[in-house]
Amino acid sequence: LIARGRAGLEAAAEEVAALGGRPLVQVADVADPEQVDAAATAATELFGPLDVWINCAFSTVFAPFEEITPEEYRRATEVTYLGFVNGTRAALERMLPLDRGTIVQVGSALGERAVPLQSVYCGAKHAVNGFTSSLRTELRHRGSNVHVTIAQMPAVNTPQFSWVSSRLPRHPQPVPPIYQPEVAARGIAHAADHPHRKQYYV
């Protein structure tokens, strides 16, 4: 479990442990490739070779494009796009020598159909789609048994709309219908076991 906030990580770890899992908490910024690599090293040291790696970090700003500062745009893109690139790189460096493993990119319907007031998020999610399609082609060309897939998510009821930056006059919410996080989690788990090219969960 990798994130910047220890409190959220510890809460997630408690849920994993309660369900019989063995969590490993790593406080790291996914926008920093060295921190992501260190987290991947810690995971392999504890659990052994990586079977599945899931990229799902994001940041965003709810606002018209011209109201988003260059610094905000850079940071949100570094997390939401380069975070996926960094995580994928760390996983591939460990999976390719063993010629096995699956990487799941948690995508979004907004990576297929952009909406207003979310230009930074939509742009990053579109970038994740392009990056993943290119990488899949490279892996297929070399005959690799490492798989990469995208699980395209619908609107999900998460705390994101309370903690991301917003300059909107009203409290933002996802575009309905809105699904519970457990639905998304089941879709991601299915994608890990069945890594097709693209997968949609609605």
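Tutor: A residue is called buried when its relative accessible area is under 20%, exposed when over 50%, and partly exposed in between. By that scale D51, at 48% relative accessibility, is partly exposed. The model is predicted, and every value below is computed from it.

Side chains of opposite charge can pair when their charged atoms come close. D51 makes such a pair, a salt bridge with R100, in which the closest N and O atoms are 2.7 Å apart. The two residues are 49 apart and link distant parts of the chain: D51 sits in the loop between α2 (33-47) and β3 (52-55), and R100 in the loop between α3 (70-95) and β5 (101-108). R100 is also partly exposed, because its relative accessibility is 36%.

The structure holds 6 salt bridges in total. Another of them joins the side chains of E72 and R167, with 2.5 Å from N to O. E72 belongs to helix α3 and R167 to the loop between β8 (165-166) and β9 (178-179), so this pair ties together parts 95 residues apart in sequence. E72 has 21% relative accessibility and therefore counts as partly exposed. R167 is partly exposed too, with a relative accessible area of 35%.

A further salt bridge is formed by E78 and R74, whose closest N and O atoms are 3.0 Å apart. Here both partners lie in helix α3, and because they are 4 residues apart, about one helical turn separates them. E78 is partly exposed at a relative accessible area of 22%, and R74 is partly exposed at 48%.

What about links between cysteines? A search of the whole structure finds 0 disulfides. For C56, the closest cysteine sulfur is in C122, 18 Å away, which is too far for a bond; the cut-off for a disulfide is 2.5 Å. Seen from C122, the closest cysteine sulfur is that of C56, again at 18 Å and too far. C56 is partly exposed, with a relative accessible area of 48%, whereas C122 is buried, at 4%.

As for L135, its contacts beyond four places in sequence are T88, L92 and V148.

Last comes the start of the chain. A3 is found in strand β1, residues 2-3, and is partly exposed at 28% relative accessibility. Apart from residues up to four places away in sequence, A3 touches L9, Q26, V27 and A28. A3 and I68 are 65 residues apart in sequence, and their C-alpha atoms are 24 Å apart in space.

Terms used. Residues numbered from 1 in each chain as written. Predicted model: local features only at pLDDT ≥ 70, side-chain atom pairs only at ≥ 80, totals over all residues. Heavy atoms only, no water. Salt bridge = Lys/Arg side-chain N within 4 Å of Asp/Glu carboxyl O. Buried < 20%, exposed > 50% of the residue type's maximum accessible area, 1.4 Å probe, protein only. Contact = heavy atoms within 4.5 Å.
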